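Let's take a walk through the pockets of this protein.

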Amino acid sequence: MARSEVCELCGSAEGVELIELPVSDGSEEQSVYVCATCKAQIESGELDDNHFNCLNDSMWSEVSAVKVLSYILLNKLGRQDMVDMMYLEEDEQKLADQAISAEANKLVYKDCNGVELQAGDSIVIMKDLEVKGAGFTAKRGTTVTKIALAPNDPTHIEGRVNGTKIFLKTEFIKKA
């Protein structure tokens, strides 16, 4: 079978498409053919341990990107026993370690209820907040659309209230 006809992780032929590795060294093709099920779980970060038992086979692939992705997923699943059995070339190991490190350092912005926030979301202010330097109070219940995430600080978001750009603490907002 050609490389593109089946998922290189689980072997399914349903909705197979090409995805890129989370990081790339630019030296060779860094993509993997995956089915719709694998792709959805990889993108959501919610990995089904039973579905990814398929990594027992894919971790031995001759395709470098498949081995790297298998290594990354096994780490996310906490399958250290499988990770310890794997052999990656030096460049493959470096790539996998970069991806794992990048994932660990990813900032996650959450509202007062623990719901993850993304740039462009709409939020509702949960408490009257005095806006320092602007001379007004952002009232409880005010909806702020198209928020931006504050760089390097997951406890703040940016938004416009009464036409003024302000920073809001995530503990006083909820996703709309």
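Helices (H or I, at least four residues) and strands (E, at least two) are DSSP runs, numbered from the N terminus. What you're looking at is a predicted model, where local features need pLDDT of at least 70, side-chain atom pairs count only at pLDDT 80 or more, and totals for chains, interfaces and linings use all residues. Residues are numbered from 1 along each chain as its sequence is written, and side-chain values use heavy atoms, with hydrogens and water left out.

A pocket here is an open set of points on a 1 Å grid over the protein atoms alone, with protein on both sides within 12 Å along at least five of seven lines; its lining residues have an atom within 4 Å of a point. Volume is the space filled by probe spheres (1.4 Å) set on the points.

Start with the largest pocket, at about 510 Å³. Its lining runs to 21 residues, and P22, I42, E43, K76 and E103 sit nearest the centre. At least two lining residues come from each of β1 (17-20), α1 (36-44), α3 (64-76) and α5 (90-104), with α3 giving the largest share, five. By class, that lining holds 12 nonpolar (Ala, Val, Leu, Ile, Met, Phe, Trp, Tyr, Cys, Pro), six charged (Asp, Glu, Lys, Arg) and three polar residues (the others, Gly among them).

Among the residues lining it are L129, K132, H156, I166 and F172.
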